[in-house]
Structures are given as C-alpha cells and as structure tokens.
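Okay, thanks for coming, everyone.

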Amino acid sequence: MKFIHAADLHLDSPFLGLTSLPSTLLATVRQSTFTAATRIFDRALAEHVDFVVLAGDLFDRSEQSVAAQAFLFQQFQRLADAQIPVFISFGNHDYAADQHQTVAYPANVTTFGPEVGTMTITLQSGETVAVSGFSYPERWVTTDPVVNFPGHARTDWHIGLLHGAVATGSADHYAPFTVAELLAKRYDYWALGHIHHRQLLNDQPPILYAGNPQGRSINETGAKGAYLVTSQQGKLVPEFFETGVVDWEVPTVQLTATTLSELGEQVTTWLTDHPAAKPTLTAMTATLPTAMDETMSPDWLSLYQKTHQRQMKASQRFIIRLNVTTPTTPLVAPQLDQVYWNQGAKTVFTAANEEQLFGKLAQNPALAEWFDRSATRAQLQALAEQNLRQIMGEAGHDVS
Amino acid sequence: MYLNQLTIYGFGKFHDRTFDLTAGLNVLVGPNEAGKSTLTQFITAILFGFPTKKHPALRYEPLDGSRFGGEITFTQNQTRYLVTRTDGPRGGTVTLRNLTTALTLPPESLPHLLEPVDEALFTSVYVMNEPRLGTVFSASKQELVDRLRHVGAIGSDFWLNQAQILGKQADELYKPQGRNPILNQQLQEHQELTAKLAKAKAAYDTYWDLLQRQQAQRQQQGKLQQELEQQRQVTVQLEQQAANWSTFLQWQRLAQQQSLTTTGFTREDATELARLTGRTTALTATLKEDQTKLQRLQQTTKLTPLFTQYLAATAQVDPLFEQLATVKAANETCARLRANQQDYQQRATAIEQQYAPDGQMPRPFSLATLQQVKRLQEKLATANQKRRQLQQELNRLNEAYRQAQPTRRQRSNPLADKQLGWLAAGLVILIGAMFLPGTLFKLVGALCGVAVGYYGAFIVDGETPASRQLQDLTDSIRDIQAQLREGGQQEDALTNQLEAVGDSYGLGQIPVDQWSAAQAAIGEWEHLTQQLQQTAEQLTTQTQIISDFQITAEQALPDLKVQPLATVLQQLAGLQVTRQALSSQQTDLTAVAETIQRTQRELNQAQRAEETFLRTRNLTTVDDFYRHYQQIREQDNQAAQQEALASQLGPAMQEALQQYATHAELATTVQRAQHRQQDLQSQLDTLTTSLATLAGQLDQLTASGTQAALQQKLANLEAQMQETTQAWLTKNLTRQWIAATLAAASGDRLPQIVTQASEFYGKLTENRYTEIELTPNTLRVQLATGEWREVGQLSRGTAEQLDLAVKLAFAVVMNQRVGMPLVIDDGLVNFDEHRRQAAYALLAEISETVQVIFLTADVTVNAIAGNLIRLTD
C-alpha cells in the first residue's frame with residue numbers, strides 16, 4: 001500500500017512580504033503553488049499510489065481564485081483517469097461552508113463533511129483501508145474533534161485525516177488536539193495539516209504534519225514538499241519528497257563593510273560564493289562589527305536589486321531584504337542617563353501608546369494584521385533603538 | 001569645578017593681565033567699560049572656543065595687536081588643568097595640560113572634561129546678565145518647558161533637535177490627514193488595487209456559474225448524443241424498411257398464393273415417367289414392327305386361321321399350352337372321380353339301409369366313449385368270468401370243506417425243520433459261491449443261495465397247519481359268497497352303464513355285442529361320406545380348372561368357342577404341334593413371334609408400370625402429369641423466389657414492415673424520423689457551440705492571471721506599506737522616546753530645582769513669595785498670603801529675581817552632578833536696595849558650594865566678604 005500525504009497547498013495565494021521582485025522571477029513565483037502541487041500529483045501518478053490524502057487548506061477561500069479551482073479540477077481528473085482516489089478534509093482556509101459544491105469534483109474525490117466520517121476502500125492488492133476525517137464548517141473549530149473519530153476499523157489500515165493544531169490551552173481555534181488522544185485511537189497513520197513546517201509529532205505510528213509544498217513567506221523557510229507513505233512490515237513509513245519551486249532563506253552573514261558601497265560589494269561576493277540550487281528568495285541579515293558611517297536609505301535595496309540582477313540570477317538568489325545589524329552595545333547616551341532612556345521607553349513602548357500612534361492606519365486590514373503580530377512591537381522597539389544609536393553616533397561625530 | 005587663574009594674552013581691552021580667583025565668591029568691581037563683559041566673554045571663549053570671524057564683535061580680538069587669546073587654570077576633581085587658547089582655526093588653537101601630573105593632554109579631551117556643560121548651557125544658565133535675566137518674560141509655554149528641560153537635562157538641545165528631525169522625516173512618510181506622504185499614497189493605491197481585485201474576484205462567481213452550466217450542458221450533450229445515435233439508428237432502419245418496401249410487397253404477394261402440396265411430381269418422377277412412356281412407345285413401335293414382319297412372314301407361310309389367331313394372341317395362348325396336360329389330366333380325374341363318387345354313394349347307401357332304418361345314422365363313439373364301452377365290456381366280461389371262477393371256487397371249497405370236516409387229522413408241524421433246512425442250504429450255497437472263481441460265478445452262486453433261502457423261508461410258509469386250514473376254508477367260503485354277491489351287483493351296474501351309453505348314441509336298437517361291428521360300419525360310412533365330399537370338391541376344382549382353361553382359350557381364340565373340351569384340347573394340341581413345327585421349320589417366324597411375344601410382355605409390363613405410376617398420383621393420363629408437374633415446378637420457383645425475398649428482408653424487417661399498411665404510412669414515419677434526427681442534430685450543434693463558448697470563457701477566466709497578478713501586486717504593496725508604516729512608527733516612537741527620556745531626565749531634577757528656587761526666591765523677595773510651581777503651561781508663584789501669581793503679573797524686578805532664583809537653584813542642584821562657576825555680569829541692576837543686599841547675601845551663601853564670579857559696578861559691594869578684585873587697578 002502506498003499513498004501520498006500532502007496538506008496546505010494554498011493554491012494561487014500570493015507570496016507575502018515581497019516589496020519588489022524581478023519580472024523574470026515573478027512568473028515563477030506566481031505559478032509556484034501550482035507547480036509544487038503538480039509535482040505532488042505527478043509523483044502520485046508515477047508511483048501508482050493507491051490514494052492521495054489532502055489535509056486541508058488546498059486553497060484560500062478569501063482569494064476566490066478561479067485558477068486554483070480550475071487547477072484542482074484538472075489535477076483531480078488526472079488522478080481519476082488513473083483511478084487514484086483522493087480524500088480531502090477542508091481546513092480553516094478552505095472551510096466547507098457555502099462552497100460551490102453543485103459542481104462536484106470528479107468521482108474519485110471524497111470530501112469529508114463537517115462531521116467526522118469514515119470511508120473504506122479496497123486496494124488492488126486486496127488490502128482494505130479506512131480513512132477518517134472531517135472538514136471545517138467555518139473558519140474556526142474550537143472544540144477537540146478527535147473524540148468524534150472512531151476507533152481502528154476492521155480494516156488492514158486506518159488513517160486519520162486532521163487539519164488542526166496541538167492544544168495549547170487558550171485561544172485554540174484550530175481543532176485543538178493532543179498527541180496522546182491520537183495515539184489512543186490506534187490508527188496506523190495520522191495525516192495532519194495546518195502547520196506549514198513539516199514535523200513529526202510521533203514516530204510510530206506516524207503522526208505528522210506534511211508542511212506546505214511551497215513556502216510563501218519569509219517564515220516558511222527550508223525544504224517544502226509532501227510525504228510518500230509506504231507500508232513496510234506492517235508499518236507505514238513516510239518518506240519526504242521535495243516539491244518547492246522557490247525557496248526562502250534568511251541567512252545571517254558576517255560582513256566587514258563600513259560604507260554602503262562596500263556593503264554592496266560584499267553582498268555580491270557572498271551571492272557569488274553561495275549559489276542556490278533553485279530560485280531562493282533571500283532575506284539577508286548582515287552583521288557588521290561597527291556601525292556604518294552612512295545610513296541605509298529605503299531605496300538602497302531596490303537600487304541594488306536593479307543593478308545586480310545578473311549576479312542574483314547567476315546565483316539564483318534574490319535579495320528581498322537586507323538588514324544590517326551591529327553588535328548590540330548597551331545604549332549609552334553621552335548626555336543622558338540610561339535610567340532616563342529606560343524610563344522613556346516604558347512610557348513610549350506601551351500597547352496603548354503604540355495603538356494611539358497607529359491610529360487610523362488600523363483601518364487598513366493588511367496593516368492591522370501586521371501590527372497585531374506579536375513580533376511587530378518588539379521589532380519597532382529594536383528599530384527605534386537602532387535609530388537612537390545612529391543618532392548618538394552622529395552626535396559623537398559632531399562633538400569630535 | 002572652579003577657576004583658579006585667568007591669564008589674558010590679549011583679549012578686548014585687556015593684555016597681559018592675570019586674575020587669581022578663589023573657589024568661593026569672587027567680586028570683580030569696576031566702573032562701566034572697565035571690561036566686566038569682556039572678562040565674562042573671555043572665560044566663555046577660552047573654555048568653549050572663539051566665535052568665528054563672521055562675528056568679529058563677539059571675538060574681542062585685542063585692540064593693540066597683542067597676541068589673541070589667554071589661559072585659564074581650573075581645578076576639577078582635585079586636579080589642576082591649564083587650558084590655553086590662541087588664535088587658530090575652529091575656535092582657536094587649544095593646549096591642555098594636567099598640572100597635577102604635568103602631562104599635556106590632547107585638545108579634544110577639553111569638551112569631555114567640561115561635559116556635560118557646553119557653550120549653550122554655560123551661556124544660558126551659568127552666565128547671567130541683565131538682558132538674559134529678562135528672557136523669562138518672553139518665554140512661551142513650550143519654550144519655557146523646553147528651557148526647563150534644557151536646564152534639567154544637559155545636552156537636551158541636541159536631542160530636541162533630533163526629535164524634531166525625526167518628526168519631519170515621519171511626516172514625509174505619513175500624515176494622517178495628508179495626501180502626498182509615501183504611506184498616504186500607498187494607502188490610496190491599496191484602496192484602488194483592492195477595488196480592482198474585488199472586480200477581478202467577481203470572475204470567481206462567474207467561473208462557478210460557467211462551470212455549473214458547463215456541467216449541465218455536458219450532461220445534456222451526452223444525453224442528446226445518445227438520443228441522436230438512437231434516432232440515427234431508427235432512421236437508418238426506417239430508411240432500410242422504406243427501401244425494402246417493394247421487396248416486401250412482392251414477398252407478400254407470393255406468400256398469398258396457395259400452395260399445392262403434392263408429392264410425386266419431382267424432377268425424378270418426371271424422368272421416371274419419361275422413361276416409362278419412352279419404353280412403352282419404344283416397345284409399341286417394336287411390336288408393330290415385329291407384327292408387320294410376322295405378317296410378312298405369315299404371308300410366306302400358309303397358316304390356319306386359328307394359328308393366325310393364335311399368333312395374335314400368343315401371350316394368352318402360350319400358357320394354355322402348358323396347361324394342356326394338366327387340363328387333360330383334370331378331365332380324366334373328373335371321370336375317375338365321378339366313378340368313385342358313384343361307388344361311394346352305393347356303399348354309403350348300403351350302410352345306411354343296414355343301420356339307419358329310420359334314416360338316422362347312429363353316431364360313432366368318441367374315443368373316450370369307445371374306450372369306456374370297451375372297458376365296461378371288458379369289466380363285464382371279467383366280472384362274468386370272475387363270477388364263474390368264484391362259483392367254481394365255491395363249489396370246490398364247499399367240496400373241500402365237506403371233505404375236510406369229517407377227517408380231522410393230527411398234523412405235525414415240520415415247518416420249522418423244513419424252513420431251517422432250506423435257509424441253511426441257501427446260506428451254504430451263498431458262502432460256497434464266495435469261493436467260486438470269477439465274479440459272475442460268485443454272483444450266480446450268491447443268487448442261487450438267496451433263492452434257496454427265500455424258497456425255504458416263504459414258499460414253505462404257505463402251508464398251514466390243518467386246524468387252521470379248516471377255519472380258513474370256512475372263512476374263504478364266506479368270503480367268496482360275499483364276493484359273488486358283490487360281483488352280481490357290479491355286473492348290473494355295468495350293464496346299466498352300457499345301456500345308457502347305447503341310448504345316448506342311438507344304438508338302442510342294436511344289441512351291445514353288435515356294437516363294435518356297428519361302430520366299424522359307422523366309421524366306414526363316415527369315411528365314405530368324407531370321400532364323397534372330397535371327391536365332389538376335387539371334381540369342382542378340376543371342373544373349375546377346365547372351365548377356366550376353356551374360357552381363356554375361348555377368349556384367346558374365339559374360333560374355339562362353343563366347342564367341346566376335347567376338341568379345344570385337340571385344337572390347341574394341334575396349334576402346339578403346328579407351333580413346334582413352325583418353330584423347328586421356320587426359325588425366323590418363330591423368332592419374330594417370340595420377339596413379339598417378349599415385346600408384348602414387356603409392353604404390358606411397361607404399360608402396367610405406367611398405369612401404376614399414374615394411378616399412384618391420382619392421374620389418368622401422362623398429359624395430366626405433365627400439367628401437374630409444370631404447376632408444381634412453377635410453384636417451386638415461386639417458393640424459392642419468396643424464400644430469397646424473405647432472406648433478403650430478414651425476419652426483423654418483415655415484422656417491422658408488417659406494421660405498416662401502406663407505403664405512404666411508412667414514408668411518413670421515415671420523414672418524421674428524419675425530421676427528429678435533424679432536430680436533435682441541430683440541438684446538439686447549438687449545445688456544442690454553447691459548450692465551446694463556455695470552454696473559451698472558462699479558459700479565458702482561468703488563464704487571464706489578472707487576479708493572481710493583482711493579488712501578488714497587492715501582497716507586495718502591503719509589504720511595502722508595512723515597511724513604510726514600520727519606518728513611520730519607528731521614527732515617531734523614537735521621537736516620543738527622546739521626548740519621554742528628556743522628560744524623565746528633567747522631571748527627576750525639576751522638583752529639586754523648583755524647591756531650591758522657591759527657597760531662593762523667598763530670600764530674594766524677603767519672603768514675600770514663598771512658592772514656585774511649574775504648571776503645564778507656565779510658572780506661577782505663590783505669595784506669602786497664599787495668593788497665586790502668573791509670571792506675566794510680576795514686575796520686571798521681581799521677574800528677574802524669579803529667573804535668578806531658578807538659575808541659582810539649577811546651578812546648586814546641578815552642582816551635585818557637575819560644577820561650573822556662576823558668572824554674573826552686573827545682573828542685579830533692577831533690584832531695589834533690599835533685594836540687592838538679599839541677593840548679595842544669597843550669592844555669598846551659594847558660593848560655599850559653587851564658585852561665583854560676580855562682576856559689578858556697585859562700589860558698595862565692599863560690604864560682602866570674598867575675594868575682591870578691582871578691575872581698575
């Protein structure tokens with residue numbers, strides 16, 4: 001028995017956090033979610049797998065992408081032609097409510113309903129497989145759905161299909177569960193979805209997140225793909241295969257530049273020395289021993305991107321962000337006591353003050369979402385400190 | 001820190017002049033133009049640098065051309081430093097020496113030594129003169145606060161400046177009410193893009209609609225295709241049916257013809273008939289030919305008319321020749337039979353006269369009866385004989401009895417001896433025989449022995465003793481008498497039985513002893529009767545043979561009619577003879593005749609065969625057969641044709657066509673089917689076109705990519721916006737942070753300064769005012785009476801005193817962190833006498849903690865203790 005476990009295809013959803021991208025890469029990026037998904041289905045056909053399970057978030061409902069739907073129809077038809085069944089449990093992004101289900105996917109596709117259901121199939125080898133799962137009826141599922149899963153069926157294999165996250169105890173909106181609960185069901189395999197980083201929650205029986213087949217933001221680094229699961233001596237053994245078209249990387253590089261032109265040269269050298277195997281969106285953090293004399297204007301990177309297209313293409317690395325950091329030294333203001341800075345920080349870096357300052361910008365959903373991220377606030381303070389250091393540096397120069 | 005010594009090389013009106021200062025209060029007294037302000041400026045210039053040459057009035061270059069500059073010795077943290085500044089670039093050439101360690105220090109370290117006091121702070125706080133004291137009145141709210149912050153936090157000017165720059169930069173990024181800043185523009189673009197995307201997303205619903213329609217239409221298409229396919233088949237079938245209509249009609253017509261189902265008219269039959277008729281014809285011809293030939297031959301040979309007649313009927317006559325002998329014999333037999341018949345008749349009549357007087361012939365006995373009668377007669381005879389024997393026996397016995405009775409004799413019984421003798425002899429012979437040689441002799445001997453023994457045992461035994469013999473005789477006589485009686489009865493019964501038999505057979509009148517003779521006569525009579533009968537039958541047979549013969553002969557030869565048989569026989573014999581003669585003499589003729597005969601026979605056979613052939617078919621003539629045969633052939637042809645048509649049509653087609661009465665009806669149906677097909681085809685075409693259009697629309701929607709592009713663009717824009725917002729927020733937060741830090745830094749000392757200032761202010765105003773308070777907007781002071789006064793409500797002098805009090809308080813409070821000499825250049829001109837004295841006292845008090853350099857034109861100052869220096873000296 002052999003099947004493919006994939007999740008979080010997020011078809012046709014845009015790449016996040018890109019301010020600019022060379023046009024050559026734009027087409028690749030735009031197609032990447034499709035290409036990655038196609039690689040999964042290609043593998044399914046090449047391996048003659050018995051079936052495919054997709055653990056939710058095939059597409060983003062909010063995107064309402066025609067291309068995504070057309071793609072799914074086309075790919076499912078391919079699998080249908082090869083008589084490969086597909087099992088889908090919709091997740092929080094493609095939750096089932098109000099979908100255009102009048103036009104059904106091909107007959108080989110089984111989509112689970114809002115209640116936990118179990119489908120049983122008999123493989124060509126004569127083995128029987130039960131697949132249990134459910135689909136999100138709305139964006140959030142706050143109750144633990146595992147209790148509704150049946151025990152191991154009277155089949156050779158039983159596979160659980162679950163889109164959700166391990167319970168944390170508070171604000172669990174995504175089908176909170178515990179690994180112990182899953183183990184208690186005695187299934188042969190738990191195909192999880194929702195978390196974009198692939199990870200193994202349990203070794204045997206495998207309880208595992210397949211991760212998404214294509215990283216779509218700076219947070220989704222590393223090799224992306226799906227799992228080919230085969231039965232070996234009565235156990236199901238998952239084997240990862242890569243499908244990502246475009247990779248994301250966040251290298252931290254030690255550089256010695258003291259000026260912007262030096263920085264540019266050193267970044268270029270690094271690019272030449274570290275070519276990537278496939279297009280890689282690189283958000284670089286350059287660590288400098290001392291602060292540079294010049295401040296980096298926001299346009300500097302876009303200028304660099306324009307002037308170094310050739311080098312970036314050669315190394316397949318596209319610098320999408322360049323953060324420059326200098327070693328963190330305690331903030332010593334020449335004229336003001338550290339105490340006062342700390343006191344000032346306490347009054348300024350409060351949620352209330354920040355929100356007040358953010359003000360009307362909160363009306364923009366994209367900005368509001370960014371602002372609400374936990375990392376944002378910390379980053380703001382770090383950046384402010386960086387600003388201060390820079391000003392102090394200037395002050396130091398003035399004095400000398 | 002305090003200044004120890006001021007040495008002026010050349011500065012303003014001074015040259016080569018040295019002033020020694022103490023750590024406490026130094027009062028430098030001089031009239032106007034004595035150089036009080038010059039000295040104040042000298043201290044500032046040496047410590048913080050000469051003003052640029054753009055402002056020559058502030059540089060105080062020496063008027064007499066002596067060396068510009070000077071030196072100051074000061075003590076800080078118990079270390080003495082000497083700073084020298086002479087004319088040079090960037091505020092002058094500085095040398096710095098640590099006098100305690102006698103080391104020359106780099107000039108750059110001077111600001112650090114003075115830190116955190118810079119020129120601005122020094123001039124604004126530590127250096128006081130009358131105009132500067134008045135600035136408090138012109139201070140706006142913000143300026144006042146800033147000034148207080150400035151006073152409160154060293155170097156805050158720079159930070160305030162930076163904060164302002166950050167604010168400007170932030171404003172370039174975003175203004176909540178603006179249009180042009182970057183983020184404002186980005187937000188605008190975001191709005192536009194979102195609208196565009198929403199429009200693009202409308203395609204999503206369209207897509208699903210199209211998809212749904214496509215699915216529905218595909219199903220419909222499939223259904224229509226199926227229908228069309230069926231309809232096509234129907235139409236094709238119907239068209240085929242239409243094409244077959246004429247065939248069908250023909251088939252129908254043929255099917256309606258009645259069939260003659262007669263056997264015996266096959267081709268073989270016809271051939272057979274042809275063969276038969278041919279043979280007949282051929283034979284007839286041959287016969288005719290032969291007869292002609294015979295006639296020709298006869299003409300050459302003289303023949304009796306009878307023979308001629310015979311020749312014509314050889315076939316009939318020839319068998320007669322063969323019968324000739326038979327008939328002759330039959331004729332003789334007839335004669336003999338008639339004689340026999342007469343003889344039998346006479347004999348039978350004789351018997352009848354003897355035994356059947358009444359004409360009734362007794363019946364012969366059956367075999368059983370015969371035997372019975374014989375037995376009865378025998379028994380009767382036996383019974384008679386036995387009776388006679390018994391009579392004789394009785395007579396004898398009676399005689400014997402009579403003899404035996406008187407002579408009774410004693411009789412010995414030698415029986416046992418005799419018997420034993422015989423048995424012994426037999427035994428001896430038997431045993432002796434055993435010794436004889438040869439089996440035969442042994443056997444014979446044994447038998448002899450046995451016979452002797454037997455004789456002895458049984459023969460001798462018959463002799464009875466005489467006593468018993470008499471008794472036996474009596475018994476025998478009685479027995480025989482009984483037997484005689486019984487025999488008489490038996491005889492009577494037998495006689496009766498015989499009489500019954502005689503009656504039943506009509507032999508009643510004949511005595512029994514004649515019965516066997518009578519029986520023989522009856523048997524003969526019956527035999528005769530039979531003979532008669534047989535003879536009569538034979539006669540009839542023979543007569544029949546003869547008459548048959550005669551009839552045949554007469555038929556064949558009419559000349560022989562009404563002639564006695566003998567003549568006929570004679571004639572026929574004559575014919576035979578003639579024929580034999582002819583046959584022997586005239587071979588040709590005979591041969592011809594034979595041929596004719598044979599031919600005639602064959603012809604007859606042939607004709608018979610032909611007749612049989614026709615008769616079995618219920619026909620009379622050959623022509624009938626052929627007519628019939630032709631009909632059948634015709635019918636067969638038609639059947640074959642029909643069959644061919646049927647197979648051409650097939651059973652299904654036949655069945656289908658039978659549903660239609662007329663061709664018109666079929667044609668209408670065909671037309672209807674064709675119309676329906678066309679209709680379906682056109683529907684399908686429309687649907688196919690529609691589907692193609694749908695597919696095109698779907699392809700366009702799928703492939704347009706506008707949405708994806710917009711989506712990515714929007715995502716990118718959002719990323720940019722986030723960056724911009726981040727920068728904006730960072731700048732604003734940094735600005736706020738600086739402000740907050742400054743506030744914190746000053747806010748810490750302000751209360752101290754305010755308290756100190758209140759105290760000083762009270763001393764300066766002879767306790768008329770007791771409290772200074774920093775309000776959010778400005779300063780206010782409290783009178784001893786408890787009233788509050790705004791700064792603007794104070795008199796000039798009182799306001800200057802407030803400023804002085806604040807500055808002194810600042811210097812005193814800040815001295816904890818940094819010590820700087822207070823330089824007061826004739827700042828108390830607007831003070832009244834009391835308050836001036838109070839100020840002097842205050843200065844003296846302060847000088848205990850802070851070096852005070854007080855420059856004044858007031859000569860009355862002598863009253864104050866301290867280092868008094870007269871500038872005019």
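So, start with helix 13 (residues 314-355) of chain B and helix 18 (residues 515-556) of chain B: their axes come within 7 Å and cross at roughly 155°. Axes here are lines fitted to C-alpha atoms over the stretch in contact, with angles from 0 to 180 degrees between N-to-C directions. Because over 145 degrees counts as roughly antiparallel, that's what helix 13 of chain B is to helix 18 of chain B. The residues of this contact split into 23 nonpolar, 17 polar and four charged. Nonpolar is Ala, Val, Leu, Ile, Met, Phe, Trp, Tyr, Cys and Pro, charged is Asp, Glu, Lys and Arg, and the others, Gly among them, are polar.

Quick housekeeping: this is a predicted model, where local features need pLDDT of at least 70 and side-chain atom pairs 80 or more, while totals for chains, interfaces and linings use all residues. Residues are numbered from 1 along each chain as written, and chains are lettered from A and ligands numbered from 1 in written order.

Now, how many residues of chain B are in contact with chain A? It's 48, against 50 residues of chain A, with contact meaning backbone-placed C-beta atoms within 7 Å. Helix 24 of chain B gives the largest share of chain B's side, 27 residues. By class, that side has 25 nonpolar, 19 polar and four charged residues.

Zooming out, chain B has 26 helices and 14 strands; those are DSSP runs, H or I of at least four residues for helices, E of at least two for strands, numbered from the N terminus.

How values were computed: Two residues are in contact if their C-beta atoms, placed from the backbone, lie within 7 Å. Angles under 35 degrees count as roughly parallel, over 145 as roughly antiparallel, 65 to 115 as roughly perpendicular and the rest as oblique.
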